[in-house]
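Colleague: I am new to this structure and would like to learn how to read it. Could you take me through its features one at a time?

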Amino acid sequence: MTDDIITLRNYLRVGAQNALCRWQLCEMTGWTDRHLRKVIEAARCEEDGEEYCIMNFGKGYYLSNDPAEAEVLRKIEMARIASIVGRTYGLSEMIRKAGRS
């Protein structure tokens with residue numbers, strides 16, 4: 001996966017004005033959409049103090065080193081986490097009531 005992450009980062013450019021949508025990245029890399037999404041996820045997981053992080057605000061992917069953009073993306077991701085946890089509440093209750101802890 002590391003080679004794919006390097007490939008992805010080589011295609012991405014700095015700044016929202018240079019954002020590339022997934023279909024463009026798939027065309028450029030020859031990857032399927034599913035593989036591209038996995039590479040993006042892996043790359044974001046490895047962004048431990050990277051100078052540039054991968055951003056996406058619905059208009060494509062790009063690199064940014066703007067802390068304000070990073071903060072906005074972090075808030076969006078945290079809201080997704082909260083939403084997923086909320087959706088699992090009913091499932092947890094069903095399992096608990098069935099005595100399956």
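This is a predicted model: local features need pLDDT of at least 70, side-chain atom pairs count only at pLDDT 80 or more; totals for chains, interfaces and linings use all residues.

Colleague: Which residues of the largest nonpolar core touch the most other members?

Modeller: The general idea is that nonpolar side chains in soluble globular proteins tend to be buried together. In this model the largest nonpolar core has 15 residues, and those touching the most other members are L8, L12, L25, L36, I54 and Y61. Two or more residues each come from α1 (2-11), α2 (22-29), α3 (33-45) and β2, with α3 giving the most, five residues. Leaving aside residues up to four places away in sequence, L36 touches L8, R22, L25, C26 and W31.

Colleague: What does R22 form a salt bridge with, and how should I read such a pair?

Modeller: To count as a salt bridge, a side-chain nitrogen of Lys or Arg must lie within 4 Å of a carboxyl oxygen of Asp or Glu. R22 is paired with D33, their closest N and O atoms being 2.6 Å apart, and the pair links distant parts of the chain, with D33 in helix α3 and R22 in helix α2, eleven residues apart. R22, D33 and R37 are linked in a network of salt bridges.

Colleague: Where do K75 and E71 lie, and why are they separated by about one helical turn?

Modeller: K75 and E71 are four residues apart in helix α4 (residues 67-97), which means that about one helical turn separates them. Their closest N and O atoms are 3.8 Å apart in the salt bridge; K75 is exposed, with a relative accessible area of 53%, whereas E71 is partly exposed at 46%.

Colleague: Which residues form a nonpolar patch on the surface?

Modeller: F57, V72 and I76 form that patch, with about 220 Å² of accessible area together. F57 lies in the loop between β1 (53-56) and β2 (61-64), and counts as partly exposed because its relative accessibility is 33%.

Definitions and conventions: Residues are numbered from 1 along each chain as its sequence is written. Side-chain values use heavy atoms; hydrogens and water are left out. Patches are made of residues with over 30% relative accessible area and no salt bridge: like charges are joined within 9 Å, nonpolar side chains (Val, Leu, Ile, Met, Phe, Trp, Tyr) within 5 Å. Accessible areas come from the Shrake-Rupley method with a 1.4 Å probe; for residues, only the protein chains shown count as cover. Buried means under 20% relative accessible area, exposed over 50%, partly exposed in between (1.4 Å probe, protein chains only). A nonpolar core is a set of buried Ala, Val, Leu, Ile, Met, Phe, Trp, Tyr and Cys residues joined through side-chain atoms within 4.5 Å. Contact means heavy atoms within 4.5 Å.
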